Amino acid sequence: MNSKKTVLVGVCGGIAAYKALDVISRLKKENYDVHVIMTKSSSQFVTPLSFQSLSQNMVVNDMFAEPKAWEIQHISLAKKADLVLIVPATANIIGKVAGGIADDMLSTTIMATTAPVVFAPAMNTNMYKNPIVQDNIHKLSNLGYKFIAPQSGRLACGDDGEGKLADTELITNYVSSLLYDKKDLKNKKVLVTAGPTIAPIDPVRFITNKSTGKMGYSIAEEARDRGAEVTLVSGPTSLKTPFGVKIINVATNQEMYDQVLEQFKDSDIVIMSAAVADYKPSQYSNIKIKKKENNLSLALEKDNDILKKLGELKEHQLLVGFAAESNDLAQNAQLKLINKNLDYIVANDILSNDTGFASDENKVLIMGRLGEKIQLDKMPKRIVARELFNLINK
Ligand code: CTP
């Protein structure tokens with residue numbers, strides 16, 4: 001997924017230290033070479049062996065180092081690192097770095113590296129809000145150090161509030177996006193739609209479809225990592241909002257239509273991956289429809305074709321649509337490409353068992369208005385997104 005880059009993870013002594021294991025496991029899955037430095041107190045929470053097993057590299061831990069060995073080692077790790085991630089970052093390490101103190105392996109390495117340094121703080125709320133800690137964070141941020149803000153929630157100490165380590169997936173994504181070399185969408189505004197829309201029948205029922213939004217969210221993340229300013233108009237999904245992406249949540253076709261049209265004028269690239277409902281009940285019932293003796297027929301009326309409208313309004317925008325097909329994939333997709341005045345269409349076979357809806361993988365055929373035709377093998381949706389941008393942003 002990426003050329004082998006080195007992420008140096010600094011683990012500090014906090015209850016969230018165990019979550020660093022998950023971060024490391026995720027980084028490994030993304031093909032990073034991961035090295036770990038543990039502070040002395042962190043090994044009270046998790047054993048170095050756990051980090052060693054997951055990172056598949058020797059863990060540097062002051063406790064076991066030969067006296068003064070770190071004075072040499074820190075230079076090689078500091079040089080090797082493409083990025084240094086401190087997770088969890090305690091008030092102590094933040095304070096030390098802000099104060100220019102280098103008295104152990106981790107603080108010395110941070111001081112010696114020229115790579116970007118990212119702190120993912122986790123601590124008690126009052127500690128996090130302490131003006132000294134906030135001052136230190138402010139000072140370091142101004143110096144170019146990066147912070148992944150903690151979440152609010154129930155903390156290990158029993159308190160409720162800010163200080164909980166950011167989501168591990170978010171931390172990993174953040175790291176990946178910083179390490180992503182290709183910034184070919186810089187200064188571009190990318191509008192992406194994702195997920196299903198719903199068409200309400202009555203206060204408890206609605207019509208929807210099987211879309212989970214994974215493809216659209218992957219496209220939004222890929223565009224963000226390549227430097228674009230991304231707006232994601234999303235139907236209801238259970239996915240986490242990607243960081244650094246402006247999200248607009250909608251439910252119905254009309255809501256998506258309104259939002260997309262508002263954003264369209266200013267966008268450079270528009271990718272409609274949402275599974276928009278084509279029909280809605282002709283009449284919405286304000287009260288719950290009661291069971292009848294006989295069958296119930298529901299009259300449906302045609303709703304907006306958002307993409308078709310965009311094709312009509314298109315000026316400078318590059319317009320990409322999706323085609324969900326159960327048969328005659330290429331022919332049907334080609335028709336949509338022409339009828340909706342698109343630049344590209346991404347067609348997928350919705351009857352395929354292990355790809356498409358809800359899957360993490362997809363197998364698509366991409367066609368362009370100039371006759372380009374690219375068949376991609378089954379691959380993670382994120383890589384489909386990458387290939388799509390490689391093609392359309394040539
Ligand atoms: N689309 C849209 N508005 C709709 C239906 C679809 O904007 N009411 C967009 C989708 O986001 C997708 C493309 O049009 O990018 C094709 O969607 P698809 O459901 O495959 O095709 P439809 O145009 O709905 O045609 P059909 O359902 O008959 O295949």
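Buried means under 20% relative accessible area, exposed over 50%, and partly exposed in between, with a 1.4 Å probe and protein chains only. The model is predicted: local features need pLDDT of at least 70, side-chain atom pairs count only at pLDDT 80 or more, and totals for chains, interfaces and linings use all residues. Residues are numbered from 1 along each chain as its sequence is written, and side-chain values use heavy atoms, with hydrogens and water left out.

View 1. Helices (H or I, at least four residues) and strands (E, at least two) are DSSP runs numbered from the N terminus. Buried residues of α9 include M215, Y217, I219, E221, E222, R224 and D225. Because 11 of its 12 residues are buried, α9 is largely enclosed by the rest of the structure. G227 follows α9 and has a positive phi, near 100 degrees.

**View 2. The largest pocket.** A pocket is an open set of points on a 1 Å grid over the protein atoms alone, where a 1.4 Å probe fits, with protein on both sides within 12 Å along at least five of seven lines; lining residues have an atom within 4 Å of a point. The volume is about 1000 Å³, taken as the space filled by probe spheres set on the points, which are joined across faces, edges and corners. The lining has 33 residues, and E30, E169, N173, E221 and R382 lie nearest the centre. α1 (17-29), α8 (168-179), α9 and α13 (381-392) each supply at least two lining residues. The largest share, six residues, comes from α8.

**View 3. The cis peptide bond at P88.** The bond from V87 to P88 is cis, with omega near -10 degrees. P88 sits in strand β4 (residues 83-89).

View 4. Q56 is not a glycine, yet its phi is positive, about 55 degrees. Q56 lies in the loop between α2 (48-55) and β3 (60-61). Its 58% relative accessibility is why Q56 counts as exposed. N341, also not a glycine, has a positive phi of about 55 degrees. The loop between α12 (329-339) and β18 (344-349) holds N341. N341 counts as partly exposed because its relative accessibility is 29%.
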